[in-house]
Amino acid sequence: MELKFIGRIQSQYKTQDGTPIQPSFAEESIGEIVLERDYVDALADLIGFDRIWVIYAFHKATPFKHRIVPYRDTVERGLFATRAPCRPNPIGMSVVKLEGIEENVLRISGVDMLDGTPVLDIKPYVPDFDSYPNSKAGWLDLKRASRQRADQRFEK
């Protein structure tokens, strides 16, 4: 499989320390996706969607670990039961609010990505497909830490 970066994130976050750990904790954080100009035509019809999925590469994450202590817990968990960035294939995804599009630049809010993050894909968020509000959330349904910001534990 060959993947291409289609653009980069511009955000206020230069390191993981202090970055929101999920978009829901980053509503005030604004940023941009600057797409390569070759993809401008692919943005047709995206206006009108409130939110978009951004699929990206964790370009500053530590290497894969089987077990980690996630941001919202104090005990080790299996990596696949977390959203930690130190994955076998360092791919992340975030649902952000689409604030506007100007040529090859998407203005977004809810940014939880580092500045310079390579973007792999963009997809519309569709509530009928993407929302399961009554789903169980495993260990997160138990006692949770209230952490909303990252520290440096997964940064290389």
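**Cores, pairs and bridges in a predicted model**

Q: Which residues does L106 touch, beyond those up to four places away in sequence?
A: In this predicted model, L106 touches G31, E32, I33, L35, L43, L46, I52, L98, G100, I101 and I122. Contact here requires heavy atoms within 4.5 Å.

Q: What makes the largest nonpolar core a core, and which residues have the most contacts inside it?
A: Its members must be buried nonpolar residues joined through side-chain atoms within 4.5 Å. The set has 17 residues. I33, I52, V54, L106, I108, M113 and I122 have the most contacts inside it. Strand 2 (30-35), strand 3 (51-57), strand 6 (91-102), strand 7 (105-109) and strand 8 (118-124) each supply at least two residues. Strand 3 gives the largest share, three residues. Another core, of nine residues, lies apart from this one; I21, L79, C86 and A150 are among its members.

Q: Why is G18 called partly exposed?
A: Its relative accessibility is 29%. The class runs between 20% and 50%, so G18 belongs there.

Q: Where does G18 lie, and what is it in contact with beyond its neighbours within four places?
A: G18 sits in the loop between strand 1 (7-10) and strand 2. Its contacts beyond those neighbours are Y13, R149 and A150. G18 and D151 are 133 residues apart in sequence, yet their C-alpha atoms are 6.0 Å apart.

Q: How many aromatic pairs does a search of the whole structure find?
A: The search finds two.

Q: Why is the pair of W53 and Y125 called tilted?
A: The centres are 6.1 Å apart, and pairing needs them within 6.5 Å. The planes make 45°. W53 is in strand 3, and Y125 is in the loop between strand 8 and helix 1 (127-130), 72 residues apart.

Q: What makes the pair of Y56 and F58 edge-to-face?
A: The angle between the planes is 85°, and over 60 counts as edge-to-face. The centres lie 5.5 Å apart, against a limit of 6.5 Å.

Q: Are Y56 and F58 buried or partly exposed?
A: Y56 has 5% relative accessible area. Buried means under 20%, so Y56 is buried. F58 has 22%, so it falls in the range between 20% and 50% and is partly exposed.

Q: Why is M1 called exposed, and where is its place?
A: Its relative accessibility is 95%. Exposed means over 50%, so M1 qualifies. M1 is in the segment before strand 1. Together with L3 and I91, M1 makes a nonpolar surface patch of about 390 Å².

Q: How do you know that D115 forms a salt bridge with K14?
A: Their closest N and O atoms are 3.3 Å apart. The cut-off is 4 Å, so the pair qualifies. D115 lies in the loop between strand 7 and strand 8, and K14 in the loop between strand 1 and strand 2, so the bridge ties together parts 101 residues apart in sequence. D115 is partly exposed, at 26%. A search of the whole structure finds six salt bridges.

Q: What makes E103 and R37 exposed?
A: E103 has 58% relative accessible area and R37 has 54%. E103 is in the loop between strand 6 and strand 7, R37 in the loop between strand 2 and strand 3.

Definitions and conventions: Residues are numbered from 1 along each chain as its sequence is written. This is a predicted model: local features need pLDDT of at least 70, side-chain atom pairs count only at pLDDT 80 or more; totals for chains, interfaces and linings use all residues. Side-chain values use heavy atoms; hydrogens and water are left out. Buried means under 20% relative accessible area, exposed over 50%, partly exposed in between (1.4 Å probe, protein chains only). Helices (H or I, at least four residues) and strands (E, at least two) are DSSP runs, numbered from the N terminus. Rings of Phe, Tyr and Trp (its six-membered ring) pair if their centres lie within 6.5 Å; planes under 30 degrees apart count as stacked, over 60 as edge-to-face and the rest as tilted. Patches are made of residues with over 30% relative accessible area and no salt bridge: like charges are joined within 9 Å, nonpolar side chains (Val, Leu, Ile, Met, Phe, Trp, Tyr) within 5 Å. Accessible areas come from the Shrake-Rupley method with a 1.4 Å probe; for residues, only the protein chains shown count as cover. A salt bridge is a side-chain nitrogen of Lys or Arg within 4 Å of a carboxyl oxygen of Asp or Glu.
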